[in-house]
Amino acid sequence: MRELLGLILKWTAIVCVVCTVLFQAFPQTFIQMFGAAGSEGSGAMDPELYIQFAVPCLRIYLSLILFTCVQKVCAILRQSRPGVIITIAREHGTTGKRIGQLVAQKLGIPCYYKEMTALAAQESGLAKEFISGINSDENAVMRELYLSTSAVQQAVIAQAKAINMIADMGSCVIIGRAADYVLRNRENVARIFIHAPKPYRVKKVMEMYGDTEQEGKKSIARSDSARGSYYKSISGHEWGDPHQYELTVDSSIGAAGTAELICDYVSHI
């Protein structure tokens with residue numbers, strides 16, 4: 001958004017400066033493009049008086065065209081003001097990411113998932129892979145100690161800034177990364193938690209990752225534990241506590257049905 005604003009302002013200024021120079025240097029040429037006084041005796045204004053009147057008027061009227069155009073650019077960009085921000089937290093195996101994408105598609109708004117880690121990496125200077133893995137299940141051993149390290153805390157702060165930057169741009173869907181807590185003080189945020197019965201989730205994990213049933217159960221346990229630890233470390237709250245969300249949904253009705261339900265809820269906000 002910042003790059004877009006800078007680009008538009010730059011070329012608006014260039015075009016306006018060139019036009020202003022032309023308007024000030026050759027006013028009669030532009031006046032004649034839009035009309036001229038009638039001939040003497042026709043009852044219209046005398047051509048000489050017409051030019052004497054029109055030239056200063058044109059110069060004065062268009063002298064501030066640069067500021068007018070800049071104001072118009074800002075007004076256009078303000079029209080994309082923030083709307084409803086939908087945050088989606090989900091248990092592993094609920095197809096929460098797919099549901100978030102369907103919600104965004106139905107509402108015609110962007111969906112953010114991995115983009116947050118890229119922004120956080122740019123903000124902090126840390127590796128994108130490191131930020132992406134801070135709430136993964138790969139750090140199960142001594143997880144609490146790991147989450148308290150300065151590098152992880154730096155990544156958490158950078159990630160929170162990225163989430164707020166995304167929310168500033170307007171309506172969107174943000175998946176994971178404790179976005180519901182990060183945006184807790186904002187209005188117009190719909191905090192959604194997606195859950196499902198364990199057998200349904202195991203089946204989905206087996207379908208998505210080719211795991212055996214036993215591997216699927218272990219994957220779910222590790223992933224949910226990691227997400228819960230990460231959420232508690234930055235918020236002090238229990239991950240999945242229904243009191244932390246405006247809506248909790250059982251996704252075993254299917255991804256499309258769950259997305260439809262969420263969209264229906266959001267339409268009433």
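Residues are numbered from 1 along each chain as its sequence is written. In this predicted model, local features need pLDDT of at least 70, side-chain atom pairs count only at pLDDT 80 or more, and totals for chains, interfaces and linings use all residues.

The protein chain contains 13 helices and five strands; these are DSSP runs numbered from the N terminus, with helices (H or I) of at least four residues and strands (E) of at least two. Of its 269 residues, 38% are buried, that is, under 20% relative accessible area with a 1.4 Å probe, protein chains only.

The five strands form an open sheet in the order β2-β3-β1-β4-β5, with parallel pairing; strands pair if DSSP finds at least two bridges between them. β2 and β5 stand at the edges with a single partner strand each, so one side of each lacks a neighbour in the sheet. Helix α13 packs on the sheet and touches β1, β4 and β5, where contact means heavy atoms within 4.5 Å. β1 and β3 run parallel and are joined by four bridges, and I86 has V173 in β3 as its bridge partner.

| Element | Residues |
|---|---|
| β1 | residues 85-90 |
| β2 | residues 111-112 |
| β3 | residues 172-175 |
| β4 | residues 189-195 |
| β5 | residues 247-250 |

The second largest pocket is lined by 10 residues, with M1, R2, L119, M165 and M169 nearest its centre. A pocket is an open set of points on a 1 Å grid over the protein atoms alone, where a 1.4 Å probe fits, with protein on both sides within 12 Å along at least five of seven lines; lining residues have an atom within 4 Å of a point. Elements giving two or more residues to this lining are α1 (2-25), α6 (115-124) and α9 (150-168).

Technical notes
Side-chain values use heavy atoms; hydrogens and water are left out. Axes are lines fitted to C-alpha atoms, for helices over the stretch in contact, and angles run from 0 to 180 degrees between N-to-C directions. Buried means under 20% relative accessible area, exposed over 50%, partly exposed in between (1.4 Å probe, protein chains only).
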